[in-house]
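Dear colleague,

My notes on what was found in it come after the display.

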Amino acid sequence: MPQIAQSFTVGFPRAEVWRMLADVERVVTCMPGASLTRPPAGGKLLGEMRVKLGPIVAAFAGEGDLAMDDAAYTGTIRGQGMDRKNNSRVRAEVEFKATDEGAATRVEIAVDFSLTGTLAQFSRGALIQEILGRRPTRGHALGRRRLPNPHPSRRAQAGDRGREHTMKNVALSVNGKKIAATVEPRTHLGDFLREQQLLTATHLGCEHGVCGACTVLLDGRPVRSCITLAVACEAGAVTTLEGLENDPVMAELREAFAAEHGLQCGFCTPGMLISARDLVLRKAGADDRAVRIEMSGNLCRCTGYRGIVRAIRRVLDARKKTKA
Ligand code: FES
Ligand code: FES
């Protein structure tokens, strides 16, 4: 199951923080969108969590079991929930731990989860990140003196799960914006863009470097984001389709793809457009055959390619005329 880890520091002694965390009703009250359907009893929780992901609104109703080890200051919640409207199901195991940090307390949270159904196709990690983002540190449950740590330790990021699991920091720019993030070493750039940065124009098809749907620019060159590790982009400049909204070549290509029927379902289109833009900029004199060869790394299962080739030729020809 995928894992997400977070940690934060609260400006209260550990015993006090632990007492607050044990008061489940109070913690839930402070989490926007969360509610208990009945008071917790014997570690059993029954409740609901409303989530908004872009245009999608989901309401997960579910149950969970809470276990807290007061001596070790560790706790676990195992639960599952169902959003009937979007026909999606989430199962999760949440482990949390409180550690002394001088006069303050560091709270570490690690979530193993699986998400199935419609929402899984939209975004897997983003849903859990969205819920974790509501931890009640801003409100009264965990105190007003929240002390966020801008440099969390690797151990804190990964969570103490009794196994080797090292998260990595990565600093890069995405569509011109500088980003510092923590990722699993195995996270590929496509998942990083879609699930952590919520840049969903990049599509994932085969996820092994064949179809080209996931193509983005890394330092100006097209790469398959499904076989490029996010950590390998350290100090790099990534550009996705969202970042090319005002690009003049992209504007010409968008118009030409629409006019020449260069797309049908649109799944391959983001990768097609990025590769086509690269071709237009590099090979101004390309004929139909050259266009087909250059675009052979992008697969389309709908159009039969003729409309795509025509669209690219239209842009190449129009540019030739402008220059002449
Ligand atoms: S999803 Fe990356 S090449 Fe197919
Ligand atoms: S338009 Fe459907 S896969 Fe290309």
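This is a predicted model: local features need pLDDT of at least 70, side-chain atom pairs count only at pLDDT 80 or more; totals for chains, interfaces and linings use all residues.

Residues are numbered from 1 along each chain as its sequence is written, and chains are lettered from A and ligands numbered from 1 in the order in which they are written.

**The chain as a whole**

The protein chain contains 10 helices and 12 strands; these are DSSP runs numbered from the N terminus, with helices being H or I of at least four residues and strands E of at least two. Of its 324 residues, 36% count as buried. A residue is buried if 20 or more other C-beta atoms lie within 10 Å of its own, exposed if 12 or fewer, and partly exposed in between, the C-beta atoms being placed from the backbone. Among contacts in the chain with a separation of 6 or more, 58% join residues 24 or more positions apart; two residues are in contact if their C-beta atoms, placed from the backbone, lie within 7 Å.

**Helix 8 and its surroundings**

Helix 8 (residues 269-282) has 14 residues and reaches 20 Å from its first C-alpha to its last, close to the 20 Å expected at 1.5 Å a residue. The expected span is 1.5 Å times one less than the number of residues. Helix 8 is mostly covered, with 11 of its 14 residues buried; among them are Met 272, Ile 274, Arg 277 and Leu 279. The cover includes strand 10 (215-218), strand 11 (221-224), helix 7 (248-259), helix 9 (288-294) and helix 10.

Two packed helices are described by the angle between their axes and the distance between the axes. Axes here are lines fitted to C-alpha atoms, for helices over the stretch in contact, and angles run from 0 to 180 degrees between N-to-C directions.

The axes of helix 8 and helix 10 (residues 306-323) come within 11 Å and cross at roughly 35°. Their crossing is right-handed; a crossing is left-handed if the near helix is turned anticlockwise from the far one by less than a right angle, and right-handed if clockwise. Met 272, Ala 276, Leu 279 and Val 280 of helix 8 meet Ile 308, Ile 312, Val 315 and Leu 316 of helix 10. By class, this contact has 8 nonpolar, no polar and no charged residues. Ala, Val, Leu, Ile, Met, Phe, Trp, Tyr, Cys and Pro count as nonpolar, Asp, Glu, Lys and Arg as charged, and the others, Gly among them, as polar.

Helix 7 packs against helix 8 at an angle of about 120°, with the axes 10 Å apart. The two are therefore oblique to each other; angles under 35 degrees count as roughly parallel, over 145 as roughly antiparallel, 65 to 115 as roughly perpendicular and the rest as oblique. This crossing, too, is right-handed. The helix 7 side of the contact consists of Val 249, Met 250, Leu 253 and Phe 257, and the helix 8 side includes Thr 269, Leu 273 and Arg 277. The contact comprises 8 nonpolar, 1 polar and 1 charged residues.

Helix 7 and helix 10 pack at about 130° with their axes 8 Å apart, and they are therefore oblique as well. Glu 252, Leu 253, Ala 256 and Phe 257 of helix 7 touch Ala 311, Arg 314, Val 315 and Ala 318 of helix 10. The residues involved are 6 nonpolar, no polar and 2 charged.

**Individual residues**

Most residues other than glycine have a negative phi, and most peptide bonds are trans. Tyr 73, although not a glycine, has a positive phi of about 60°. Tyr 73 sits in the loop between strand 4 (56-69) and strand 5 (74-83) and is partly exposed, with 19 other C-beta atoms within 10 Å.

Glu 207 likewise has a positive phi, of about 55°, and lies in the loop between helix 6 and strand 10. Glu 207 counts as partly exposed, with 16 C-beta neighbours inside 10 Å. In that loop one also finds His 208, which is exposed, with 9 other C-beta atoms within 10 Å. Not counting residues up to four places away in sequence, His 208 touches Cys 226 and Ile 227.

With kind regards
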